[in-house]
Amino acid sequence: MGFLEVEDLKVHFPIKGGIFGRTVDYVKAVDGVSLSIEKGKTYGLVGESGSGKTTTGRAIMGLNNITAGKITFDGYDITDLKQAELDVRKQIQMIFQDPYSSLNPKKRVLDIIAEPLRNYEKLSKIEEKKRVQELLELVGLSPESIVKYPHEFSGGQRQRIGVARAIALKPKVIIADEPVSALDVSVQAQVLNFMRDIQEELDLTYLFIGHDLGVIRHMCDHIGIMYKGRYVEQGTTEEIFNSPQHIYTKRLVAAIPDIDPSQRKKQIQFRQEVQTEYEQSYNEYFDSDGLAFKLKPVSKTHLVALPEVE
Amino acid sequence: MAEGLLEIKNLKTSFRIKDNYYAAVDDVSITVNKNEVLAIVGESGCGKSALAFSIMGLHNRAKIEGNILYKGHDIANISPAKLNKLRGNDMAMIFQDPLTALNPLMEIGDQIGEIVSLHNKNLSKSERKAKVIKLLNKVGIPHPERTYKQFPHELSGGMRQRVVIAIAIANEPELLIADEPTTALDATIQSQILDLLNELKEDMNAGIILITHDLGVVAETADRVAVMYAGQIVEIADVHTLFGDPQHPYTRSLLNSVPNAAKDQTKLHVIQGIVPSLQKLPREGCRFGPRIPWIDSSAHEDNPVLHEISPGHFVRCTCYSQFSFPEESKEDQSHGVS
Amino acid sequence: MWKFTVRRILIMIPQIFLLSILIFLMAQAMPGDALSGLIDPNLDPKEIAKMREKLGLNDEWYAQYIDWIKGAIQGDLGESFRFKMPVSELIEQRLINTFWLSVVTLIITYLIAIPLGITSGRFNDTWADRIITGYTYIGFATPVFIFALVMLWIFGFHYGWFPTTGSVKPGLEPGTFDYIVSKIYHMLLPAISLALITTVNTVQYLRSEIIDTKQRDFIITARAKGAPESRVYNRHILRNSLLPIAAFFGFEITGLIGGTIFVEQIFGYPGMGQLFYESILLRDYSVVTSVVLLFGIASILGALISDVILSLVDPRIRIK
């Protein structure tokens, strides 16, 4: 039993059509996703745009309506937002992609970080200020920053403010939705290192949503690969990168640019081979709708979406 | 040195903020040859895009000093009419975000057709269309006839970027500037677009300036690399030297801050401090100096210049010779400062 | 495309239905009823009660509403107690007058707005832009009725260039050339007065659209293609900036309704606005409700026109 468990999660959005705007079909943004994260670990959810990875994160966070499935956190069922106790809810927080647009430019840092505190905890002004200053110190910003506005900070610092807001309620799980995609490499390194530090310090569990496989590999213990709302493969970082089984995963891994220019020719050749294999074996790996099959275990931890063997 | 296709000499591009001009590109000299990819790498605010816009004459209100020699002719401050003859014909640009780079209200065919007919005034309608269809084919668009009539929002991100590339290569330019051509795209699409660019380079025998922040992209496509920091080039070398034997502290720091599967890193390297804003840029001494404070100030030059340390390998400032990364304990402090 | 239009028209039906109920209930809430204006005060109250019963005025409100709406659909809007004639006949000529006044006003509005907006947007922060922006601020701050009065006094009375009342010179045969010229002549001053004020919205809107479009990435793409500045403006910036203006067109119509009420009154122009104003003063309820209903329908139609224009010119909406 994992610390955070998602069972057969489905998030379907209706498509309206026709003259009367009836629901004619559904976009199956998330279509039967199951995952389990152990306490203190980092789980990477990977996919290209439109794969449903962000929707999955938002659904766990309670920001999207869930069509079907079950989400449990530390044994509590938190699927239904209204029934889940506030106390449980606040244990899961989110870090957003864009540190430029996710912080309200008209609010001071104090108000930004104190916002979740004000929602859940009744603190006096002095206590609140003290807590915010502690949080700022924890994320490596000076306590005097409380009176500043977001635009006075650099990208990496802003993302730290976002992190400070997320950890204000001492959550156990953080869902990080592409937390470094909008950042420069050197700032990215800063944020990634910092996320690791606070993970250790606060015993945090991460659901790390991303598309940069280099970053995912660096950060995660387990990885799930999504494509068109379904899982194509799931396994340990080792398994996904060293022995990818699904052609889609192989293609993703092959697309990672190699930082060694002497490998260029080999890399291009390898990529072409994978591309040829992808084109030739597409029908073996995807059903008639171009969707992935159900996951089947190939080892204890490694699951791959393969068709039923006839 | 062989006469290059493009030779930039002491280019300085300054923007006016309040009553002063601040140089975003400060004394940059580079050469681009035919059939060569020169990558310009750096983080946001280093001046790499400002450099590209200066070459294309796309800055609205910037002061441009120095020389931009295209095939020996200075194009730094030529008349708009002369510039328009070159732009889109001799030199073209690929933009970062294919969604915003295309006019949302114009059919794809017209957007590509526009650049074709701007430089071939007496083309008939059917000739123009035939050429556009051929271009769409060339950039790997599966149904050119259908795409011809479509609007940008009907295409996927990868297809849109192919259209942007089709526009750029329409008149077979000899100089192609690609400004972060794959940043907005998914990884598998990125590799396809890079392969396409490589093919086109060989096809057209063009010189390509590839502007990017992604070192992986550089390693896979560039012939030569120029690393920019704070408006200046801090290191130039061929791609193998740059990745195999990087010298400038900034280049080395940058390479160490990327997650690399080949190395066993629990912690990534973090460059101390932040990139200074245009107004606060140090204009004297080594511009990277403040970000490597553990290096003794005597290691820096007063007026850092590029030194050719081996043929074709230039490094700015003398500090590289004494540079080493701080110990683990120092790194722990470093990520807290910023 | 046709699907969108049909759906959009179908949505209008419940809108108009709700509007009519609302107007009917408001009319009911007003003191008096259809009879109170018509009756002779000397009549026996019993007799009046009988007449009420006969006319259905004691029925439940919905029964009365159905009666009213049935008539309205067939063109019977009741009787005006002041003019002692069917409201529909009373409205017909005025509706035509107001319609043409609105058309001329709209034409003048765009004749002013487009060149000013373009100049102001293209050359923003130059002296020309400052003058135009200055004009728009004055326009925003000036109430239509005061401006119209000033215009009437200067060009109507002082210089005598324009007629000061009516919609046509009396004694002309309808349909003749002179008649049409006289009609236009009478419309001109009210239309110009109204347009000069209402156009400032469009000028400002166009200006900000152009300034916005100028900074878009695809404009840089166009320049990088080697397109001369004139082409960049005509083919890319203008086209893209005029689109929201076209969509705004339908709402202009709604805005005009408010304007015509004042302007027609001031210029003594026999249109819907003037009729509305006078009928309120005279408590001519059946006329007021009818006019409000027509104004309401015009607003709903305006919104419809906006949506249809937008779907016609914007491919992002057209193709779905």
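**Close-up 1. Tyr278(A), a buried tyrosine in a predicted model**. Let us start with Tyr278(A), which has a relative accessible area of 11% and is therefore buried.

**Close-up 2. The surroundings of Tyr278(A) in chain A**. Here we meet one aromatic cluster, formed by Tyr227(A), Tyr248(A), Tyr278(A), Tyr282(A) and Phe286(A).

**Close-up 3. How the rings of Tyr278(A) and Tyr282(A) meet**. Over all chains, the count of aromatic pairs comes to 23. In the pair shown here, the ring centres of Tyr278(A) and Tyr282(A) are 5.7 Å apart and the planes stand at 85 degrees, so the pair is edge-to-face.

**Close-up 4. A tilted pair in chain B, Tyr229(B) and Tyr250(B)**. These two rings have their centres 4.8 Å apart and their planes at 50 degrees, which means that the pair is tilted. Tyr229(B) comes from strand β9 (residues 224–229) and Tyr250(B) from helix α10 of chain B (residues 249–257), so the pair ties together parts 21 residues apart in sequence. Tyr229(B) is buried, at a relative accessible area of 2%, and Tyr250(B) is buried as well, at 1%.

**Close-up 5. A charge over a ring in chain B**. Lastly, look for Lys129(B): its charged end sits over the ring of Tyr148(B), 4.8 Å from the ring's centre.

How values were computed: Residues are numbered from 1 along each chain as its sequence is written. Chains are lettered from A and ligands numbered from 1 in the order in which they are written. This is a predicted model: local features need pLDDT of at least 70, side-chain atom pairs count only at pLDDT 80 or more; totals for chains, interfaces and linings use all residues. Side-chain values use heavy atoms; hydrogens and water are left out. Rings of Phe, Tyr and Trp (its six-membered ring) pair if their centres lie within 6.5 Å; planes under 30 degrees apart count as stacked, over 60 as edge-to-face and the rest as tilted. Buried means under 20% relative accessible area, exposed over 50%, partly exposed in between (1.4 Å probe, protein chains only). Helices (H or I, at least four residues) and strands (E, at least two) are DSSP runs, numbered from the N terminus. A charge sits over a ring if NZ of Lys or CZ of Arg is within 6 Å of the ring centre and within 35 degrees of the ring normal.
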